[in-house]
Each structure stands twice: as C-alpha cells, then as structure tokens.
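Colleague: I am new to this one. Can you put it up and take me through it?

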Amino acid sequence: MLEQVFNEVYTKFKLHFYRAVFGRFQKREASLTTVETFCMEIIMALGRPTVNEFSSFVGISPPNAAYKINNLVQKGYVRKEQSEEDKREYHLVVTQKYIDYYNISYSYLGTVMARIRARFPEEDVKKIEEMLDIISGELMPEIPLPRLSPRT
C-alpha cells in the first residue's frame, strides 16, 4: 500500500511537469530536448556542480558531458563560473532562463504544499516534513544532494 501511494504521488508530479513541458512545445516556447531537460534537472539538483561532477553523476565521459553542457550554454540555460579555489575548474550555474522554465514544475510543488498546509494540522505537516527529511537524508544515501537551506 505505501509503495502504491508513494508511486502515485511521484507519478502525478512527473506527469504534471511533462504535460507542462509538452504544452510549451505546442506553443513553440520549448528549446530544450528531452535529454537536455534531464541534464538541466540534474545540474539544478546538484547545485553548481563541476563538469566532472556532472559527468560522474550521470555516468558519461567528460567529453560527452562537455558537449551536452556546451549546447546548454549556447541555448542560454547554463553558464560556467570559474572556481575561486581551483582556477582550472568551472562550476555549472543555471540561468534565470532555466529557472523560469523550471518553475513549471516548482510552482505545482508550491501549490501542493499549500494544500497540505491547509488540509492538515500544523503538527502533521511538521511530521511529514520530518519524515521526508529522514527519507532524503538517511534512506536515500545513493543520491546525495547539497542542502539548499538549513532545515529547522
């Protein structure tokens, strides 16, 4: 039962995003291929990875990763920032153009979170947050993500 319910929620988030992306294709606003969209999702989630960190995470060669990233740079979705610590390295930074594109799915997340806060008592919301934090931090160690902000 838990697996079915979780899969249903996860699938609804994915399908909402895919529907919105296809809607942009209909309006001729989308300039990212499917693979590029996945690459951007990964870069965004990893939070300023280097080209090597990206290629290692995805499991592709650095030259293949560099090719994909250069296409994203040309399209204006990513920019490279030279590392302050090691001038030979560049961090991948998403641009506002991608953030606007990404907000397709993130705005729906905000809608669902507002509905959760309205539907459940505050102590239940805190419990859901605590459980999700444990799931992410302890039960999914294979996919480490940077903390975007401190959790209280």
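**Salt bridges and surroundings**

Modeller: The count of salt bridges comes to 7, a salt bridge being a side-chain nitrogen of Lys or Arg within 4 Å of a carboxyl oxygen of Asp or Glu. This is a predicted model, where local features need pLDDT of at least 70, side-chain atom pairs count only at pLDDT 80 or more, and totals for chains, interfaces and linings use all residues. Residues are numbered from 1 along each chain as its sequence is written, and side-chain values use heavy atoms, with hydrogens and water left out.

Colleague: Which residue forms a salt bridge with K75?

Modeller: E36 does, with the closest N and O atoms 2.7 Å apart. The pair links distant parts of the chain, 39 residues apart: K75 is in the loop between α4 (62-74) and β1 (78-82), and E36 is in helix α2 (residues 34-46). Helices (H or I, at least four residues) and strands (E, at least two) are DSSP runs, numbered from the N terminus.

Colleague: Is E36 buried or exposed?

Modeller: E36 is buried, with a relative accessible area of 10%, while K75 is partly exposed at 28%. Buried means under 20% relative accessible area, exposed over 50%, and partly exposed in between (1.4 Å probe, protein chains only).

Colleague: What about E130 and K127, how far apart are they in helix α6?

Modeller: They are 3 residues apart in helix α6, so about one helical turn separates them.

Colleague: Next topic: H91. What does its side chain reach at 2.8 Å?

Modeller: The side chain of H91 reaches the backbone oxygen of R48. H91 lies in strand β2 (residues 90-94) and is buried, with a relative accessible area of 15%. Leaving out residues up to four places away in sequence, H91 touches R48, P49, T50, R79, K80, E81 and S83, where contact means heavy atoms within 4.5 Å.

Colleague: Which residues make the nonpolar surface patch?

Modeller: F120, I128, M131, L132, I134, I135, L139 and M140 make a patch of about 670 Å². Patches are made of residues with over 30% relative accessible area and no salt bridge: like charges are joined within 9 Å, nonpolar side chains (Val, Leu, Ile, Met, Phe, Trp, Tyr) within 5 Å. Accessible areas come from the Shrake-Rupley method with a 1.4 Å probe; for residues, only the protein chains shown count as cover.

Colleague: Where is I128?

Modeller: I128 is in helix α6 (residues 122-137).

Notes: Polar contact = N/O pair within 3.5 Å; in protein donor to acceptor, adjacent residues only side chain to side chain.
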